[in-house]
Each structure stands twice: as C-alpha cells, then as structure tokens.
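Dear colleague,

I am handing over the structure below, and after it you will find what was found in it. Please read the notes with the structure open beside them.

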There are 2 protein chains.
Amino acid sequence: MAPETTQLPAGFTAHIANIGIKDTTTDFLVVASSVPASAAATFTRSRFAGPSVTLSRRQIADGRLQAAVVISKNANVATGAQGTANAEAVVAGVARALGCPEGDVLLASTGVIGRQYPMERIDAHLATLGPPPYPATDALAAATAMMTTDTVPKIAEATVGDARIVGLAKGVGMIEPDMATMITLVFTDAELSPGELDRAFRHVVDRTFNSLSVDTDTSTSDTAAILANGLAGPVDVDAFTDALGDVCLSLTRQLARDGEGATKLLVVTVDGARDDLQAKRVAKSILNSPLVKTAVHGADPNWGRVAMAVGKCAEDTDIDQERVVIRFGAQQVFPGDLDEQGLRELAETMAAAEVHITVSLGIGAGSWTVYGCDLSDGYVRINADYTT
Amino acid sequence: MAPETTQLPAGFTAHIANIGIKDTTTDFLVVASSVPASAAATFTRSRFAGPSVTLSRRQIADGRLQAAVVISKNANVATGAQGTANAEAVVAGVARALGCPEGDVLLASTGVIGRQYPMERIDAHLATLGPPPYPATDALAAATAMMTTDTVPKIAEATVGDARIVGLAKGVGMIEPDMATMITLVFTDAELSPGELDRAFRHVVDRTFNSLSVDTDTSTSDTAAILANGLAGPVDVDAFTDALGDVCLSLTRQLARDGEGATKLLVVTVDGARDDLQAKRVAKSILNSPLVKTAVHGADPNWGRVAMAVGKCAEDTDIDQERVVIRFGAQQVFPGDLDEQGLRELAETMAAAEVHITVSLGIGAGSWTVYGCDLSDGYVRINADYTT
C-alpha cells in the first residue's frame with residue numbers, strides 16, 4: 001500500500017464532495033489539470049454500456065482532456081434518453097466551472113444499474129462549483145470518493161525522470177474487464193503526445209487490468225483513463241511505459257485482493273502455451289473456475305480442480321494432459337503422487353494470503369499471468385442483498 | 001419427483017453395492033440388460049477426460065452395449081497409465097461376470113480427481129459378481145448408488161406405446177456440460193436401431209443437459225448414455241424422441257434444482273435472437289453470471305444485473321439495448337421505471353422456488369431456454385472443504 005500522503009502530480013487538483021447520490025459518503029470527484037492534458041482511455045465493450053461510457057468515448061477521440069469526473073453509487077446505465085441527457089448536463093456543468101470546452105471533460109460513473117441520477121441535487125451542486133485549483137491534492141482522498149463496496153481505496157505511484165505517475169482505482173465486483181476495467185484514473189505530469197500516451201496505456205492495460213477477473217462479470221461502466229499534463233517536461237517513453245506498468249500492476253493486484261468477499265490474492269501463470277492468447281485463455285479458465293476459487297478459499301488441497309479447469313478449454317485440442325505440469329507455488333502437484341505430507345504442504349501453500357498457480361502446457365513459448373481472488377461466502381452475502 | 005416405486009424397464013436389472021471406494025455408502029452400480037441393447041452416448045469434451053470416458057468412447061462406437069457400470073466417489077481422472085489399466089480391469093471383470101464381450105460394457109466414474117481406484121477392494125468384489133438378472137429393479141436405489149454430494153437421487157420416466165423410458169442422473173457441481181453431462185443413464189425397452197437411438201438422443205441432449213449449468217465448470221467425467229434393449233418391441237421414433245425429451249428435461253430440472261448449495265431453480269429464456277445459437281449464448285451469460293445468481297438467491301430486485309449479463313456478450317454487436325426487453329415471470333422490468341410497488345412485486349417473484357427470466361432481443365426468431373440455480377453461501381461451504 002502506498003503511503004497515505006501521496007500527492008497528485010503537479011498541476012492536478014481534486015474537488016471531492018458528497019451530493020447525496022445514495023448516502024452521506026463522498027460520491028462526486030473532479031480531478032482537473034491546470035492546463036489541457038494529453039489523454040488516452042479504454043472502455044467496456046458491453047452492449048449495455050452506459051451514457052458515461054458512450055459520451056466519454058467521444059471526449060477522448062481528440063486525445064485531449066482537462067478533467068475527469070467520477071460519480072459513484074449510481075452507474076447511470078439502462079436509463080435511456082433521460083440518462084444520456086443527464087450525463088451531458090454533468091459534463092456541461094463541469095466544463096462551465098472549469099472554463100474549458102465540454103469535449104475536454106471525461107465522465108465515469110459507477111454503482112447501481114437502472115436508476116436515474118438525482119439531477120436536482122447534482123445541478124444545485126454544479127452551480128456552486130468554481131474553477132481549479134481545487135483544495136484537495138491527496139490521491140487517497142480522491143480514490144476514496146470513487147468507492148462503492150470497495151473496502152479500501154486503491155492508489156499507486158511511480159516516478160520516471162522528473163515526472164510522477166499517480167493512479168487511482170475502484171472496483172470489487174462485476175470485474176472481468178474486456179478492453180478496459182472498472183474505473184481507473186491515472187494522472188501524470190510527464191509530457192507525451194496523445195499518440196505516445198495511447199500506445200503506452202494500451203500496452204500496459206492489456207497485461208494488467210485486462211488480466212484481472214473477480215467474478216467473470218463485465219461492468220457496463222468500465223473506464224480506464226490517463227491524463228498527462230506535461231508540467232514535468234518530456235520523459236523517455238520506454239521508461240515511462242515501464243513505470244506506468246508498475247502503477248497499473250499494483251492497482252490490478254489491489255483490485256484483485258479487494259474483490260468482493262475476497263480473502264486472498266490468486267495469481268495464475270500459464271506458460272509453454274502455443275501463443276500468449278492461449279496462455280491467457282487457459283489462465284482465465286483456472287482463475288474463473290468457482291471450484292478452484294472455493295478450494296483456494298478453504299485451502300483445500302484439491303489440485304484436481306486445476307486439471308479440470310485446464311481440461312474445459314475444449315477448443316484447445318493441442319492441450320495434451322500427458323505434457324501438462326501443474327504447480328502451486330514451487331510444489332509440483334501433477335504429474336506426481338502426493339503423499340499425506342505432500343498434501344499437508346499444499347494445504348499450507350494454499351492457506352497463504354497470496355496463492356500462485358503455474359501451469360506449463362509443454363506446447364510452445366506463450367505465457368500470460370492473470371490476477372483474481374478466492375470465492376467466499378462473503379461474496380454471496382454482499383451480492384445477495386445489494387440494492388435493498 | 002417420480003414415485004419411489006419406479007421400476008427399471010423390462011429386462012434391466014441392477015447390482016448395487018458398497019465396495020469402500022471412500023466410505024460406507026453405495027458406490028458401485030451395474031445395470032445390465034438380459035439381451036444386448038442398441039446404445040448411444042455423449043461425453044465431456046474436456047482435455048483432461050478420464051480413462052472411463054476415453055474407454056467408453058470406444059465401447060459405444062458400434063452402437064451396442066449390454067451393461068453400464070458406475071463407480072462413484074472416485075473419478076479416476078489425472079491418474080495416468082495406472083488409471084487407464086484400472087478402468088480396463090473393471091470393464092473386463094464386469095464383462096466376465098456377464099458373459100458378454102468387453103466392448104459391451106460402458107464405465108462411468110465420478111468423484112475426486114487425481115486418486116487411484118482402490119483396486120484390491122474392487123478386484124475382490126468383482127470376483128464375487130455373477131451373471132444377471134441382478135436383485136435390484138428399483139430405479140431410485142440405482143440412482144442413489146451414483147450420488148456424490150447430491151442431496152437427492154434423480155430419476156424420471158415416460159412411456160411411449162408399450163415401451164417405458166427410465167432415466168437416472170447424478171451431479172451437483174462442476175456442471176456446465178459440453179456435448180454431454182455429469183452422469184446420466186437412460187434405459188428403455190423400446191426397440192430402435194443404434195442410428196435411430198443416437199439421433200434421438202443427441203437431439204434431446206442439446207436442449208436439456210447441454211442447456212444446464214450449475215457453476216460454469218465442466219466435468220472431466222461427463223457421460224450421458226442410453227440403452228434400448230427392444231424387449232417391448234418397436235416404437236414410433238418421433239413419439240419416442242418426445243418422450244425421451246420429457247425424461248431428460250425432468251432430469252435436467254432436478255439436476256439444476258439440486259445444484260450445490262442451490263435453493264432455487266433458475267430458468268432463463270432468450271427469444272427474438274438472430275438464431276438459436278445466439279439465444280443460447282446470451283441465456284448462458286445470464287444463467288452463469290454470479291451477480292445474477294446471487295441476486296436471485298437473495299431475492300434482491302436488482303434486475304440491472306441481467307442487463308449487465310446481456311451486455312457482456314460483446315461479440316454480439318447486433319444486440320441493441322434500445323430493442324431489449326427484460327421480464328421476470330410476467331413482469332416487464334426493462335424498459336420501464338419500476339416504482340416501489342413494482343420493486344416489491346419483483347422481489348416476491350424472485351423469492352419463489354422457481355425464477356423465470358425472459359429476455360427478448362428484438363432481432364430475429366432464435367430462442368433457447370437454459371436451466372441453472374442460484375449461488376449461495378452453501379455452494380462456497382460445500383466446495384471450500386471437499387477433499388479434507
């Protein structure tokens with residue numbers, strides 16, 4: 001966990017408020033740059049994407065943003081024409097306060113589906129919003145304002161040359177991002193062109209947020225965006241990409257560990273695959289198997305379920321069980337013939353706060369690592385009674 | 001539930017025993033016909049299929065069987081060359097007792113993965129097995145012998161002309177069959193050729209067992225087989241297929257309702273799809289969503305999760321949320337604007353023992369219905385501590 005005093009990069013300030021979207025916790029966040037910033041973003045591919053996503057896709061098209069707005073506790077999804085008009089009104093109100101073009105404000109929204117925003121409260125609040133700089137610069141407070149059922153705010157930071165990169169994320173369930181993820185906002189004072197930023201971000205997102213799964217469900221609101229305002233000057237793009245990768249990987253692991261009801265981080269690596277895509281597919285099959293996830297939860301040394309999850313990739317006809325090797329941590333469990341002592345060792349490995357499963361397919365050189373969590377009765381309790 | 005006195009069809013008798021595979025419950029079942037029977041079967045497509053499956057694929061190739069053997073409490077999967085030799089020894093032993101060719105005995109096995117059969121006990125028992133007729137003719141007792149963590153045995157029956165069809169099934173978890181299912185054995189005294197039987201069975205399996213999902217996990221041991229010994233004479237094939245459909249649908253619903261930890265049957269129909277395949281894909285996405293399943297468990301009127309699960313079919317770019325209609329029972333929830341009374345009605349519908357969700361896509365005429373269950377803390381408890 002990053003220290004509690006992490007500041008946003010130079011030029012970024014945050015307005016954090018409660019406007020009563022659902023309760024009395026902070027639910028409205030504007031992070032604004034003092035100058036226009038290069039920007040990139042990826043979004044959910046859901047066919048039920050909400051107006052925040054469809055609107056923000058247009059905003060990001062020119063590679064330029066000055067602010068990101070997050071409304072939490074209401075996703076504004078499946079809300080029809082009224083929902084679209086409401087999203088546009090929020091963006092217009094924030095742009096007016098900032099004195100920037102409406103096209104330079106990104107909106108992300110997260111929470112319950114199928115309810116309209118309380119627009120009277122939002123309009124009243126927007127009427128009081130002035131221009132930046134805003135009072136808050138604490139990344140943790142900003143991340144806290146995005147939370148729904150998250151138990152902890154998630155932030156990560158890195159430096160590259162004179163520049164800093166600070167990422168905020170939220171999300172605990174409905175997480176199997178597909179081209180994007182939950183809500184992640186990354187801010188940097190590095191100077192990059194929109195094209196450089198977009199390439200670096202997509203490269204990193206693929207191996208981090210797109211390799212994360214909490215429950216196989218894909219949000220209607222997934223948004224990952226980065227703003228680079230250039231105040232710290234130019235950076236080496238490769239070094240920047242590496243540092244950005246560190247930030248996003250840290251956020252990915254924090255998101256997985258805080259998955260709804262999660263008690264453990266589950267990391268699955270598949271190597272020796274025909275190609276990276278096959279490795280990712282098989283790794284996801286293991287990571288998403290409820291039987292693997294419950295065994296990990298109970299530290300039950302039932303490694304056969306990993307064999308099952310590999311086996312269910314039925315289209316991968318080049319997978320031959322004679323060549324497959326399965327390991328938990330450093331311990332090989334298949335092929336092999338675990339005795340009582342071996343099963344006890346395996347149970348101990350599975351009782352740790354972080355469980356690593358590695359499967360070698362023995363086909364080629366493809367490999368991928370994915371991040372998730374165990375499946376607990378806590379997940380069921382949280383989700384059996386969410387809206388009521 | 002069928003009455004407890006359901007008898008196997010004419011000519012079929014059962015040997016039921018405990019041979020101490022894991023504990024003292026019945027774990028060894030042989031159902032034999034007095035004469036050779038036409039037969040058909042479908043199996044898991046798992047890349048980790050066990051020797052029972054690979055062996056039985058060979059046995060069924062000539063469309064003829066005289067007996068089906070089930071060993072429960074040990075799947076004999078991921079057990080290497082020794083596991084294969086053990087499966088062959090079981091088949092040889094039963095064929096010797098029956099006085100039939102080894103190729104006429106089908107073996108199915110279910111239980112924990114990665115452990116060898118206790119062959120000394122099995123060999124000793126096989127040495128005592130004589131020829132049929134066997135003492136048992138009660139279908140419920142035979143179904144009970146196949147159970148692992150099933151809470152109830154599952155049987156169904158139908159008549160067609162002078163013939164009877166009796167089906168037995170087991171399975172509670174690791175159920176998203178792919179070309180086959182858990183273990184299902186169907187016996188009939190109808191007279192059909194192997195080709196007629198195979199066509200009828202595959203047609204029925206597609207809309208029943210292959211439309212069932214408990215937890216998205218596909219067993220390494222899925223086997224569905226049917227034996228038709230012809231003792232009741234010829235039947236109308238279409239009428240037979242309909243009656244077989246009734247038996248398999250009943251078993252499918254019983255399997256879904258007894259899913260691990262299940263408290264409710266969940267039935268999802270998608271219509272208005274481009275084609276049947278799209279309807280099945282979208283219906284499975286809803287049925288398998290842990291967020292939909294937990295909401296159904298808690299009778300939480302959070303219908304937006306169904307919209308989410310439709311939306312995550314991202315490849316189906318012809319799905320337009322403007323044309324989608326979502327219903328729970330007879331109540332339309334989207335589009336619409338449920339008031340408090342509407343939400344209460346929805347919560348009541350979701351509190352029933354059987355919850356029907358219907359989604360109309362408004363694209364074409366394709367439709368499909370799938371069967372599953374809610375996701376409860378009971379599922380987690382059962383599976384967090386299975387082997388230990």
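Helices here are DSSP runs of H or I with at least four residues, strands are runs of E with at least two, and both are numbered from the N terminus. H2(B) is followed by Gly99(B), whose phi is positive, near 70°.

This is a predicted model, in which local features need pLDDT of at least 70 and side-chain atom pairs pLDDT 80 or more, while totals for chains, interfaces and linings use all residues. Residues are numbered from 1 along each chain as its sequence is written, chains are lettered from A and ligands numbered from 1 in the order in which they are written, and side-chain values use heavy atoms, without hydrogens and water.

Among the buried residues of H2(B) are Gly83(B), Asn86(B), Val90(B) and Leu98(B), where buried means under 20% relative accessible area with a 1.4 Å probe and protein chains only. Their cover includes strands E2, E3 and E4 and helices H1 and H3 of chain B.

Between the chains, 55 residues of chain B are in contact (heavy atoms within 4.5 Å) with 55 residues of chain A. About 4,700 Å² is buried between them, 59% of it given by carbon and sulfur atoms, with buried area being the accessible area (1.4 Å probe) that two parts lose on being put together, summed over both. Arg47(B), Phe48(B) and Gln321(B) supply 16% of the area that chain B buries against chain A, more than any other three residues.

Best regards

Methods. Buried means under 20% relative accessible area, exposed over 50%, partly exposed in between (1.4 Å probe, protein chains only).
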